[in-house]
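Please look over the sequence and the structure shown below, then read on.

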Amino acid sequence: APDAFRLPDVGKSFQEYLMELIIRKDMKNADVYHGANISKQHFSKIISNRDYRPTKNTACALAVGLHLDPEEANELLEKAGLVLSRSSRFDLAVQYFLEHRMYNIIDDNIILYENGLETLGTKA
């Protein structure tokens, strides 16, 4: 009989990797959620739930808020089962912001808005 199928360990969850990045970058939680344009309540929900699955928008907003480079951002998105695609204008814009260290979410959102794209974050 064949060996029983075992799923490999997937490593850290999105929430765990997010917390690791915050510590590694020596950032305060408030700096991260303000920089990501998400509410304190939403951020609290994310960090208190190991199984939290963000939307692509939230994951990208956090990547900007954390000042991630493209490689770190891709790993963060991967932890949520997400990727930045070259076939999405929104994804290309986020990739551009990260590659060019454009970490001001307000400026980024103006560019997104002017191009008819969804803005980053959850704050109205």
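The sections below go from the overall fold to helix packing, and then to selected residues.

## Overall architecture

The model described here is predicted. Its protein chain has seven helices and zero strands, which gives the pattern α-α-α-α-α-α-α when read along the sequence. Taken along the principal axes, the C-alpha atoms fill a box of roughly 60 × 35 × 25 Å.

The protein chain has 124 residues, of which 41% count as buried. Among contacts with a separation of 6 or more, 67% are between residues 24 or more positions apart.

## Packing of H1 and H5

Two packed helices are described by the angle between their axes and the distance between the axes. For helix H1 (residues 14-24) and helix H5 (residues 70-79), the axes come within 8 Å and cross at roughly 150 degrees. Angles over 145 degrees count as roughly antiparallel, and H1 and H5 are therefore roughly antiparallel to each other. The crossing in which H1 passes H5 is left-handed.

On the H1 side, the contact is made by Phe14, Tyr17, Leu18, Leu21 and Arg24, and on the H5 side by Glu72, Glu75, Leu76 and Lys79. Sorted by class, this contact of H1 with H5 comprises five nonpolar, no polar and four charged residues.

## Packing of H6 and H7

Helix H6 (residues 89-99) and helix H7 (residues 105-114) form another pair, with axes that come within 11 Å and cross at roughly 150 degrees. H6 and H7 are therefore roughly antiparallel to each other. Here H6 passes H7 in a right-handed crossing.

In this pair, H6 contributes Phe90, Ala93 and Phe97, which meet Asp108, Ile111 and Leu112 of H7. The contact of H6 with H7 divides into five nonpolar residues, no polar residues and one charged residue.

## The aromatic pair

A pair of aromatic rings is described by the distance of the centres and the angle of the planes. A search of the whole structure finds one aromatic pair. It is formed by Tyr33 and Phe43, whose ring centres are 5.5 Å apart and whose planes lie at 45 degrees, so the pair is tilted. Tyr33 belongs to helix H2 (residues 29-35) and Phe43 to helix H3 (residues 40-47), and the two residues are 10 residues apart.

The cut-off for a buried residue is under 20% relative accessible area. Tyr33 counts as buried because its relative accessibility is 10%. Phe43 likewise counts as buried, at 2% relative accessibility.

With 15% relative accessibility, His42 counts as buried. When neighbours within four places in sequence are left aside, His42 is in contact with Tyr52, Thr58 and Thr122.

Asn57 is found in helix H4 (residues 56-65) and counts as buried, at 7% relative accessibility. Leaving aside neighbours within four places in sequence, the contacts of Asn57 are Phe90, Glu118, Thr119, Leu120 and Gly121. Of these residues, Phe90 also takes part in the meeting of H6 with H7. Asn57 and Phe90 are 33 residues apart in sequence, and their C-alpha atoms are 9.2 Å apart in space.

Notes. Residues are numbered from 1 along each chain as its sequence is written. This is a predicted model: local features need pLDDT of at least 70, side-chain atom pairs count only at pLDDT 80 or more; totals for chains, interfaces and linings use all residues. Side-chain values use heavy atoms; hydrogens and water are left out. Axes are lines fitted to C-alpha atoms, for helices over the stretch in contact, and angles run from 0 to 180 degrees between N-to-C directions. Helices (H or I, at least four residues) and strands (E, at least two) are DSSP runs, numbered from the N terminus. Angles under 35 degrees count as roughly parallel, over 145 as roughly antiparallel, 65 to 115 as roughly perpendicular and the rest as oblique. A crossing is left-handed if the near helix is turned anticlockwise from the far one by less than a right angle, and right-handed if clockwise. Contact means heavy atoms within 4.5 Å. Ala, Val, Leu, Ile, Met, Phe, Trp, Tyr, Cys and Pro count as nonpolar, Asp, Glu, Lys and Arg as charged, and the others, Gly among them, as polar. Rings of Phe, Tyr and Trp (its six-membered ring) pair if their centres lie within 6.5 Å; planes under 30 degrees apart count as stacked, over 60 as edge-to-face and the rest as tilted. Buried means under 20% relative accessible area, exposed over 50%, partly exposed in between (1.4 Å probe, protein chains only).
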